[in-house]
Amino acid sequence: MDFSFTEEQQMLRDSIRRYLESGYGLEHRAAILAGDEGWSPRTWSDLAELGLLALDIDEADGGIGAGPVGTMLVSEAVGAGLLLEPFHASAVLATRLVSLLAQGERRVQLLEALASGAAIAVLAHEESAGWAQPLATTAVREGDGWRLRGSKTCVAHAPIARWLLVSARTGPDTGVFLVDREAAGVALQPLRTVDGMLAADIDLDLCVPGDARLDDGDAAAALDEALDRAITALCADAVGVLDRILAATVQYTRDRVQFGTPIGRFQALQHRMADMYMQVEQARSMSLLATSACLQHDPHARREAVSGAKALVGQAARRVGQEAVQLHGGMGMTDELDVSHCFRRLLAFELRMGGTDEHLRQYRRHAPAHAA
């Protein structure tokens, strides 16, 4: 398989890397974390100017049309930079879902608002039963509109979103509804995830107009595709974090002197870092596999590859993160070092959009269907 990238794809990756390396250091990030908002509108505006909020919008709709490969490369850089802004929640997942479902003039308006950074949208999908469980949230016809009732759990960046894309059962089918975050009947309980990002639990009991429904009958296939591509991008984000935490650990063992010699020269520690390196490279390979599967048209093969990647990258995130903290000793959990921030982001990754065990079950469920 050819893993080389085009000049345009490399330029996308390099542009976000340069931006984050020049203006998104730990001190700047710490200031964002310390604020009540938990994100930087200025950074979001900068990402829009770089064109990265239109990354996965088709060229026919005025976007870059980078597709899964371009999104993977940018996501790796976003992870390595420990970006706090809602890149994956809005620019990847919500924007892709709007591209798949919205039609006509509303499609144009929504995509323009998302690409320009004028608005943030997030998918309110996961519920307390788990990522892969049937939806409990319902949408029932009420006059010319829909009555939405249900609860969503830990919706990333919901407190700063303008729109919520709410998934709900409409009987035998699945619908996706565009809901204003500040609408009456939408109750948010804001929270911070383990890595400091904004999120919220959401209770819904409201009536929305008929045209709030984005799909024209059943959104299940589009929802599955958007989720798979978002999980794939999230895996790439984790690979970027793994690269950063491994590099920081190797450098620390070169600089830390014990018994008159750098601890990186001790064979036992070299073995542990070699194992970390192999874990990172396996995670990278699975990220590439999932990205490749998102270019195909077989939903079973795609879900098999995506869930396999999420499970393996999750295992690598835990193993490498724990080893990095242990090799740093007590300093490994201090906010002054990269490793603590990377470790928290990797821990959050393992829990986000389905845990490792959930995706292992999904992988086993879809692998036989694909093999058949």
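**Burial, backbone and pockets in a predicted model**

Me: Why is M353 called buried?
Reply: M353 has a relative accessibility of 12%, and buried means under 20% relative accessible area, exposed over 50% and partly exposed in between, with a 1.4 Å probe and protein chains only. M353 therefore counts as buried. This is a predicted model, in which local features need pLDDT of at least 70, side-chain atom pairs count only at pLDDT 80 or more, and totals for chains, interfaces and linings use all residues. Residues are numbered from 1 along each chain as its sequence is written, and side-chain values use heavy atoms, with hydrogens and water left out.

Me: Why is L82 called buried?
Reply: The relative accessible area of L82 is 0%, so L82 is buried. L82 is found in the loop between helix 4 (67-80) and helix 5 (87-101), and its phi, near 55°, is positive although the residue is not glycine.

Me: Why does R265 count as exposed?
Reply: R265 has 62% relative accessibility and therefore counts as exposed. R265 is found in the loop between strand 9 (261-262) and helix 8 (267-293). The C-alpha atoms of R265 and T253 are 8.0 Å apart, and the two residues are 12 apart in sequence.

Me: What makes up the largest pocket?
Reply: The largest pocket holds about 630 Å³ of space. It is lined by 33 residues, the closest to its centre being E126, C154, A156, R352 and M353. A pocket is an open set of points on a 1 Å grid over the protein atoms alone, where a 1.4 Å probe fits, with protein on both sides within 12 Å along at least five of seven lines; lining residues have an atom within 4 Å of a point. Helix 5, strand 3 (145-156) and helix 10 are among the elements that each supply at least two lining residues.

Me: What makes up the second largest pocket?
Reply: The second largest pocket has a volume of about 510 Å³. Its lining has 22 residues, with A132, A220, D224, R303 and R365 nearest the centre. Helix 7 gives the largest share of this lining, 6 residues.

Technical notes
Helix = DSSP H or I, 4+ residues; strand = E, 2+ residues; numbered from the N terminus. Points joined across faces, edges and corners; volume = space filled by probe spheres on them.
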